[in-house]
Amino acid sequence: MFTIDDMKNELVGFDKLVPTLSGEEKRYIFLDNSASTPTLKPVMNTVNTFMEWYASIHRGTGFKSQLSTHLYEQSREIVRQFFNVQDEEHTIIFGKNATESINKLARRIPLKEGNIILTSRMEHHSNDLPWRMRAPVVHVDVDKNGRLDMDDLKGKLKDYSSKIGLVSITGASNVTGYINPIDEIAELVHSYGSEFMVDAAQLAPHRTIDMKSQDDPSHIDYLAFSAHKIYAPFGLGVLIANRSAFEEGDPDYVGGGTVDIVSIDHVFWTDVPEKEEAGTPNVVGAIALAKALRVIQEIGMDNVAAHEANLTKYALHKMKKIPGMTLFGSTDEDDVDNRLGVISFNIGNMPHALVASILNYESAIGVRNGCFCAHPYIKSLLEVTQEEDAALEERILHHDRSVIPGAVRMSFGIYNDQSEIDIFIEALDKIARNDIKGDYILDKRTGEYKPKGFEMQFDKYFKL
Ligand SMILES: Cc1ncc(COP(=O)(O)O)c(C=O)c1O
């Protein structure tokens, strides 16, 4: 049985040393798990062992093809169990990532003339732009701390009730870590006769998600997530969907695997999910995801949540003491159950890109900075005015990214611990006290800062 305490030792690459500005190599501390997690040894071992058995799936008749097909379908079953997908009405479609899954749904969901899609201002672009390509999108507001405004949601559900084609909201924010009350939202949405989609890219690795039976008013109709954020970075994305949305109409990608029979002038599509998985599917990615889900099930999602809540509480407590620290979202150390271990911040007036760069070059800490693919949300958190926004657009269109509004983001995974937060806090404290070793130069085109006279020797660390 795996436990949280095992995870450091079970993480592939946990001990890796990386170069720093002083010439000293330091152990890499990875605090960008919201973007993508490293993989786990049990997942890696499963993939390595499976490669000896790998063969193309579905129509191959040999033993390896049959075994690979069996494992691919078993992976679907493991996903089904993990999210408590109970209904035959749901189908599980494997693809590339959450973005592709949402795009697929946006292209394929049956809408009526005049339908709108209701989403929110706190969305990652991947749960906003695909809908804009399909229908008019209405955004539910957020409050000044960035929390979803439930009154505005209720108002918009009422105002647009008969026009709503789908309500698509994130399970948790990739900027502030806020967890949305998805049960409550689902009930509200269903009470207006609409369907509910959860972008679970952030929530799925950190909290139990129960799709529930469709008889339950708080059930989820559609769910999308990416395996690379849940310790299986082998290129798989998942869409759990009402089967009926995909039964009618043409698949969005067509070709091998999508058909029952083809003649020179007509085609009969096969059943979902195969109808929606054109071409040779990512068997390795599916098996890796299934193994990662098994490991998390063994640890217990409640233990994952408790561990990350403790880390978040610890980090918030320490970060608040850093001079000049601005934290976005909730800073309440006692409210860590309603948020993920995702903390966005700025230090004084220092550019976020500079802070992130110093963390890397001087302390070997990997974080992320910028707008985190959530421009409308970041602009509202930073209270960017319309004039500032217009000036910003102008600059960016002229390839000048020197003053992009944004923040630095750190985010935890199951293997992070307090000693890493201590190192991170020490590094932030130095930055806040201007104890900075390098002379950092801004590249206006990219908005990145690099220390003068220092070049990364990538070949020394990895060569193809
Ligand atoms: C909330 C949210 N939705 C969707 C995505 C898109 O995920 P992917 O890049 O794996 O498609 C992300 C990625 O960070 C995310 O945080």
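Reader: How many helices and strands does the secondary structure of the protein chain come to?

Author: Welcome! The structure above is a predicted model, and its protein chain comes to 14 helices and 19 strands.

Reader: What makes the radius of gyration of the protein chain agree with that of a compact globule?

Author: Set the value beside the rule. A compact globule of 464 residues would have a radius of gyration near 23 Å, and the protein chain has 23 Å, so the two agree. The C-alpha atoms fill a box of roughly 70 × 55 × 45 Å along the principal axes. Of the 464 residues, 43% count as buried.

Reader: How many of the contacts between residues at least 6 apart in sequence join residues at least 24 apart?

Author: That share is 73% in the protein chain.

Reader: How do you know which residues of α6 are on the same side?

Author: Start with the buried residues of α6 (residues 182-191), which are Ile-182, Ile-185, Ala-186, Leu-188 and Val-189. They cover an arc of only 165° around the axis, so they are on the same side of α6. On the other side of α6, Glu-184 and Ser-191 are exposed.

Reader: What do the buried residues of α6 pack against?

Author: They pack against α5 (150-160), β7 (164-170) and β8 (196-199). Just after α6 comes Gly-193, with a positive phi of about 75°.

Reader: Why is Tyr-231 called buried?

Author: Count its C-beta neighbours. A residue is buried if 20 or more other C-beta atoms lie within 10 Å of its own. Tyr-231 has 30 such neighbours inside 10 Å, so Tyr-231 counts as buried. Tyr-231 sits in the loop between β9 (222-226) and β10 (237-242). Its phi is near 70°, a positive value in a residue other than glycine.

Reader: What makes Ala-204 buried or exposed?

Author: The count inside 10 Å is 27 C-beta neighbours, so Ala-204 counts as buried. Ala-204 belongs to the loop between β8 and β9. Setting aside residues up to four places away in sequence, Ala-204 touches Ile-209, Phe-225 and Ile-230. Trp-53 is 151 residues from Ala-204 along the chain, and their C-alpha atoms are separated by 29 Å.

Reader: Why is His-125 called partly exposed?

Author: His-125 has 16 C-beta neighbours inside 10 Å, so His-125 counts as partly exposed. His-125 is in the loop between β5 (116-120) and α4 (129-132). Apart from neighbours within four places in sequence, His-125 is in contact with Cys-373 and Ala-374.

Reader: How do you know that Asn-84 is partly exposed?

Author: Asn-84 has 14 other C-beta atoms within 10 Å, so Asn-84 is partly exposed. The loop between α2 (63-82) and β4 (90-95) holds Asn-84. Asn-84 is not a glycine, although its phi is positive at about 50°.

Reader: Which residues does a cis peptide bond join?

Author: The cis bond joins Val-272 and Pro-273, with omega of about 5°. Pro-273 lies in the loop between β12 (267-269) and α8 (283-299).

Reader: Which residues come nearest to the ligand, of the 14 around it?

Author: They are Asn-97, Thr-99, His-124, Asn-174 and Ser-226. By class, the shell around the ligand has three nonpolar, 10 polar and one charged residues.

Technical notes:
Residues are numbered from 1 along each chain as its sequence is written. This is a predicted model: local features need pLDDT of at least 70, side-chain atom pairs count only at pLDDT 80 or more; totals for chains, interfaces and linings use all residues. A residue is near a molecule or strand if its C-beta atom, placed from the backbone, lies within 6 Å of it. Ala, Val, Leu, Ile, Met, Phe, Trp, Tyr, Cys and Pro count as nonpolar, Asp, Glu, Lys and Arg as charged, and the others, Gly among them, as polar. Helices (H or I, at least four residues) and strands (E, at least two) are DSSP runs, numbered from the N terminus. The radius of gyration is taken over C-alpha atoms; the globule rule is 2.2 Å times the number of residues to the power 0.38. A residue is buried if 20 or more other C-beta atoms lie within 10 Å of its own, exposed if 12 or fewer, and partly exposed in between; C-beta atoms are placed from the backbone. Two residues are in contact if their C-beta atoms, placed from the backbone, lie within 7 Å. The arc is that of the directions from the helix axis to the C-beta atoms.
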